[in-house]
Every structure is written in C-alpha cells, then in structure tokens.
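Q: Can we go through the charged contacts in this one? I'd like to start with salt bridges.

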Amino acid sequence: MAVDEAKEQVRLVTGVGKEAEKLTRKLRTIQTVLHDAEKRQIKEETVRLWLDQLRDACYDMEDVLGEWNTAKLKLQIDGVDDHENDALVPKKKVCSFFPAASCFACKPIFLRRRIALKMKDINETLDDIAKQKAEFGFAVNVINSNERADQRVPSISLIDESEIFGRETQKNDLVNKLLCESSEEQKGPCVISLVGMGGIGKTTLAQLAYNNDDVKNHFEKRIWVCVSDPFDVFRIARAIIEALTGSAPNFGEFQSLMQHVQGCVEGKKFLLVLDDVWNKDYSKWGPFYNCLKNGLHGSKILITTRDETTAHIMKSTDIIPIDLLSEKECWSIFESLAFFGKSMEGCENLEKIGREIVGKCKGLPLAVKTIGSLLWSKSTEEEWQNILKSEIWEHEGIERGLLAPLLLSYNELPSKVKHCFSYCAVFPKDFEIWKYKLINLWMAQGYLNEKGNKEMEDIGEEYFNILASSSFFQEFKTDGDGKVYKCKMHDLVHDLAQFICRNECLTVKIHGGEESIMSSFEQKKVLHLMLTIDGGTSVPIAIWDNVWNNVKRMRRLRSLLVEGGDYSWSSKVLPRLFDKLTCLRALTLETHGGYNFIKEIPTNIEKLIHLKYLSLASQTGIKKLPETVCELYNLERLNITSCNHLRELPQGIGKLRKLMYLDNDDTSCLRYLPVGIGELINLRRVTKFVVGGGYNRACSLGSLKKLNLLRQCSIRGLGGVSDVGEARRAELEKKKNLSDLELHFGHLRDGDEEQAGRRENEEDEDERLLEALGAPPNLKRLEIYQYRGRRNVVPINWFMSLTNLRDLSLFWWRNCEHLPPLGKLKSLESLLIYGMQSVKRVGNEFLGVESDTDGFSVIAFPKLKHLEFEDMEELEEWDFRTAIKGEIIIMPRLSCLTILSCRKLKAVPNHLLQKSTLQNLEIFGECPILQERCRKETGELICHIPKISIA
C-alpha cells in the first residue's frame, strides 16, 4: 500500500510539469524586452513599476518550481522514481547509513494541489504582465552586445590605479596642516574638514595623507572610521576603542563607552579620520569631541563630508574645499583607461568623441574613471557615439553629474552580472567584501549558471573581474600571488546598487535597541538582509516578533547574513526564523570571537527547503548538527569551519546529493566523517576528509572513489590506515579535476582512548600507502605532513609523475635524512621544506639531475621562484659545487629565498646568493652562524638584492 500510495503522489506532483512549461515559455517571451525596459525605467516610472511586478512574479515562480523540484528529488533519494509518468517502481533499498525518514507517501495529498494552484496564479499574473508589455511598445532585443558571456575581461591591475591625477598640491597642503603644531590656545584636537561632492576624491585624498610616511611617524596612533549615515555613536566609539586597544568593548551604555574612549586617548598624540560624515546634530558630536580632548596636544581629527554645514557643526578649524579636476587632469585619467593597449591610429579616431564624453563628466574623478573603464572594451566610433548621445546624460538622480556614467556602465553589463552587482547593496557602506564569500552568495541566489566545462566558482571569478574592470569595486587587497581577495565599493556606487535593487537589500546594525531596528525596516520589500550585531548584544525574540508583525513580506527573505562578535541569541529565535523564512537561499550565522554562541541548531531547519548556502563558521558552542539538516536537498555549500566542539556530522549526509563544498577545517573534535560522504558525487571541495580512526560509522579512503569532481581535498588520519588496498580503491590517480591536495600521515587521538588503528612498521606502511594512493595527474598544489617513510627511501616515481605541480610543502618528515630529488619537477614554482630534523646536508641529490653526457647543460628547478627552509635543526651544509662544475643550471628563476630557524646552517651556496633574479632574501629566527656570516663575509655577494631581511 505504501508503495502504491507513493507512486500516486509522484504522478500528482510530476503532473504539474505542463504548468511549469507554460510559466517558462511566458517568462522567456517577456525577457526579450528586458534590455529596453531596464533602460527606460530610469525616466519612466510606469516602466519601473512594471519591472517590479515582473520581478515579484519571477521570485514566486522560482519558489514554486523549487518546491516542486525538491519534492521530486526527495522521491528519487528515498528510492522512488517516475519514468515519464508511467510505471513507478521502487529503486533499491535506501542505504543503511540513511536515518529512517518519513515516506513521501504519508504527506498530505494537498501538496500537489497547492503547487498546481500556485502555478496557476502565477500564470495569470504573467498574462497580465504580458498584456502591459504590449502597451509599452518595448523594442525586442534579439542579440545584445551586453550579453556576450565570453567578452574580454581585463585584469584587475588596469582599474586599481596607484597614480592619482591632479591632487599633488592639495595632498601636500593637507599633510602640512596635519604636521603643523596647534597653537597653545587650542583646547582639544584640531578638526580639519575636506568638503566636496560625492565622487570628487575626498576619501582618496584623505587616504594619501593618512598613509604618508611623515604623518605615520608624527602620530603615535592613527584611527580610520567610516561613519556614513546615520551617525551611529555606539559603532564609532567602539571602532575608536578597537583601533586603540585591539579589542571592542561590550559596554551597552553610551556614558561608559565615552569614558573608555577618554581613557584610551589619554596622553597619546593621535590622528582620527572620520570618513563620509553626514551629521548635522551637534548634540551627537559634542560628547565625542569632549572625551577626545584628553589626547596629547597636537592631535588632529580629519573629516570628509559632502556638506559644508556638517563641517561647521563639527567645529572645524580648517575647511578645505575639494575642487573639480581640470579638463586636462580628467583627460589624463580617461586616456590611461579607455586607450590602454589600443593602437595609436585607433585612438586618434576616437579622441574627439572621448574629449566630449569627458566634458560631460563635469570634473568628477569617479565619473571619468567609470566611463573610461567602460569605453576600454569598445573600439568603434559607433559604440563611442552611442555612449556620447545616450539620454542617460540628461538624468538627474543620486548625485549631480555622476549617476549617468555609472548607469551607462551598468547598462553595458551582461544581465547575470547586473544581478551580481545589485546584490552588493546588502553590505553596508565601506564594508570590506571578501571575494570568495561574495561569489558563494551569488551562487546561492542562482546568478552563476554552469557553462560547458566551466565551474560556477570560475564563472563567479569572471563576473567579479567584469565588475572590477568597470570600476564598480575599489581598494583591492591582494595575496602573495597578486590575486584579489578583498575589496570595497565607493559609497556612490553603493547608492547606485541600492537604487537598482529597489530596496530589496538592507543592512541593519543592532546594538541593543529595538526601536532603531524597526525603523530600518519600514515597509520595504526586503529580500536580502544583513544583520551586523555589536559585541555583547543580545538578540531577543521580541525583535523578531515585531519584524513578523510589521513587515509582512519578510517571509520572502532569500538571504539572511548575520555578522558580529560576541553576541547571544534567545533560544526561541532560531526556531521562529526557520518557521517563517522558508524562502531562504543563503543563511550565514557566523561569529568572530567572543564567548556567547549558538548552542544548538533547531530540528525545524528542514523547513528551509530552498537553502543552498549554510555557514555556521566559528560557532564553537555547536556539538552536533541535527539529522534534519539532511532534508536540505538543495544545499550546495556547508561551512562549519572553526566549529571547534563539533564532534560529528549527521549520518544521513549522503542525502545531500547537490552538496559541492564542505568546509570543515579547524574542527579539532571532528574525528570521522559518516560513510554517506562517499555518495556525494558533486563534491568539489572537502577541507578535512577524515579517514579511519576505528569507528564503525566512519568513511574510509575507499569512500573517495566516486568523488571524481573533487578539486580540493585534505585527507587526515592516514597514520591510522593499514589497508593498502583501501588506498588503491580511492583511485586518486583517476581524479583529473583534483588540483589541491593535502596528505596528513599523523594519527587522530580521541581524548584518553587508546589509539585507534595503530600500526606496526610505520615506515614501511607509509611508503606503501603513498604509492598505493596514486598521484592525481593535474595536481598543482601538494602538502604532505608527518610522512614516516624509511630514512633514504622516497617514492621518487610518485613525485616525478606530478608534472603540473607548482606549489609543494613537506612538513615534519622525521625519518628523512636526504631530501627527495625535487629538481626534476619542471613546473614547480614554490617549495617549502619544514621541520625535517634528520637532514644534515643538502647536496646534489636534491637537484635530481646530472650533467648531460653530450656537453649540453641541464636545468634543476627550472621554474622555482620561492624556496624556504624552516625549522631544520640539524642542517649544517648546503653545497651544490660539484653540480655547478658539471654544467647544471640551478634555479634560474629564483626570486625569494627564506631561511628560518636553521641554527646549525653555516652557509647558503654563493651560486644562489649571486643570482640577478633574487629579489628577496630573508633570514629569521635562530640562524646565528648564517646571520653573522651574511653581515660580515658575504656583504658583497648580497648587496645587489633589493630586499634583505636579517633578524
């Protein structure tokens, strides 16, 4: 009976397919005019309202189709499938590692009816929208230039300008004002204000002065606070204290905060920059200024504001108006961007049009930079004329003269990238945006669709670069490889994003009061919400009760991003959230430090059926996740990084068939992964794949067999694996997508229990295990920890097969006396050797090559750029002399050499120190012999190296 009933349910649910097809066809027809409609909405309010209707209908459609597809997926996972509505037969029995689940057949029959009725309503709504579409007479867009998915994407460096045009004189004047001593009559710090319209360069000028070397040396403390609107006294006070002391206080009373600020600045000469101030109420500024008077004489406060009235209210002693740039200065900015890499002939034809366009930018640097970045990708006179003659130049909007260039750039974005841009309005102004987190959120909202062999993360990277090259992002931070990992948005660009998304994105700061929270919501149709919670703040249930009662459409929320430090939740908050916010695609409940955490995830999390991204990072109070997490069939990314007390994952994790990213690093109590992990064939990343450990419910190395889409994996607990056959069953050598791998040969202990899976003859076992694992053919990064192979036996063939390896790190190989012949790795660019306590000498064996018998030179480490030896306590000699005589070229591209805590090492080969390619030499820690030698004897050898650090 149960099986028959289940079959009937499937037939009912899948019968909704025809309605779904109707929805899709109608939507595609309407979408053909979107390009024209988006342009016209700027000047036509009726078009804007029509687009709002269409957007709401699309969201409803996504929700109902998601509910329908989830129901189908659940049936398939539970072992029942339909084959085009004919004979339905149960699949194989559900695997034993799944928990008992209620049969879909037991669910009420009104599920199908509810979905069908929703689709019918949406179809009727789309009919009305389609009729209105005809009345507007939109132009049908067949092929859009802005829809070229594979358009050229310039590198980040093109738009991250280090040279500032036209501000040198004002910068010098500002620096002089900051450095000059105040008069003796001045009580309290001098206030200097930079005043000018948005996009004119106030913040840039303040940054130039703030980072000036003379300014850095003049002030004991420098503090930068982005204020924006409103003038939040709690947040500003905490930011000042955190900058001065390194930690934010938990005071809830304003008076206590002010006293703390007063104590922190006492006796210190400081520079405080308050960027983007809008305050016109002296009663808010007065208490701040009074407590800052405790600072040392000569302290300064630098303010940037768009309004001279604000400057006067803040009692400025100097008001510096920021002038518009001259036409010549604007042209210099524009030319450096729009004509970059173009031929002289092409530039001559476009220069006249370009100068007219620059004239329309009215001397605003941000406007010039934005339009210059846009025109870089356009090379014909017709394209430039279209920009020059656009009606958007006549639009008066967010800020005089600036909205037009931003809107022109926005209109040229591919439609998917437009969604990505407007989503950024969910972050507060001046927020440091982590690129990888932003891409995760885009993915959760469905903005990144796979194209052929391209992964969604790669597409997200491409979209990020498009936005960056269009000057929608700025203030980039890069890693050692020059890759951007953080950025910000200019506040006016943020205004544009907010304007485009029609208040669907909202940021709310919580520091204790319910009234301030509720005033933020008003009656907006919020879809994406970020809560920034100050340290020490409780999140009471009453706040959420008010939200539900006053904002009826909060049920449609698709993103809830909670950021903060030491905050606490009422135990009733999360169950209420999960009951109401059933449309969520992204939920982040992260914390950064503190002691009050979420203790438990409620079981009704299963109601979030659309959820694709769940982050509980650093929630150290959570010890386990409920089994109902496994009902989140659409989940693509689970982040439990730094959940230090989490002991196990749900046994039914194998039901999360769409899961692509499991970020579970820094989970010291997590001793095993459930067997079901091996069923997650869509996994791209597992940051901690724990094997063995003697647990019956634990996955093994063989669980990796089906995970052929893995790109990144860290395998832990290899020291407890004794079955070489199990390693072979992992079939790592077949994983063509795997590019980043860590192998940890250490044991995992569990309290005081006896070591599980302890092995005899560990040296032999590690050798056989490594060989049996097989080398992934396209590996680019590899780290191997605590390998205990025999003293002089290294799996050379295993290493030599890694022809694409670029980055290699070897840690704590306790039995290794001679380094492997790594010089044969033709693609290796970075090498770290750490903690090899038995290595006493590095010689020719490290190079792995011999001179050619025909007299031709051979190259060892042909592409190596960075080499680091660290914590090599017994290393005494490093000598390649015989190799050099044999015409072996060694490390021809070496640019950075680092030696750390090698206390017995006597010398570095002169051949390496003399290299003209060497740009950076670092000798740190306990290296007494080497440090002394470098100071005295080898000075002439190393004087050509640009950067030398010996400490």
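A: A salt bridge here is a side-chain nitrogen of Lys or Arg within 4 Å of a carboxyl oxygen of Asp or Glu. The model is a predicted one.

Q: How many salt bridges does the structure hold?
A: The count is 41.

Q: Which residue does Arg556 meet in a salt bridge?
A: Asp60, at 3.5 Å from N to O. The pair links distant parts of the chain, 496 residues apart: Arg556 is in the loop between α23 (541-550) and β14 (559-564), and Asp60 is in helix α4 (residues 45-77).

Q: Is Arg556 buried or exposed?
A: Arg556 is buried, with a relative accessible area of 4%. Asp60 is partly exposed, at 32%.

Q: And what does Arg558 pair with?
A: Asp63, with the closest N and O atoms 3.0 Å apart. Arg558 is in the loop between α23 and β14, Asp63 is in helix α4, and 495 residues separate them. Arg558 is buried at 2% relative accessible area, and Asp63 counts as buried at 11%.

Q: What about Glu457?
A: The side chain of Glu457 forms a salt bridge with that of Arg685 (3.6 Å, N to O). Glu457 is in helix α20 (residues 456-469) and Arg685 in strand β20 (residues 685-690), 228 residues apart. Salt bridges with shared partners join Glu457, Asp458, Arg637, Asp663, Arg685 and Arg711 into one network.

Q: Switching topic: which residues of α24 are buried?
A: In helix α24 (residues 573-580), they are Val573, Leu574, Leu577 and Phe578. They lie on the same side of α24, because they cover an arc of only 125° around the axis.

Conventions
Residues are numbered from 1 along each chain as its sequence is written. This is a predicted model: local features need pLDDT of at least 70, side-chain atom pairs count only at pLDDT 80 or more; totals for chains, interfaces and linings use all residues. Side-chain values use heavy atoms; hydrogens and water are left out. Buried means under 20% relative accessible area, exposed over 50%, partly exposed in between (1.4 Å probe, protein chains only). Helices (H or I, at least four residues) and strands (E, at least two) are DSSP runs, numbered from the N terminus. The arc is that of the directions from the helix axis to the C-beta atoms.
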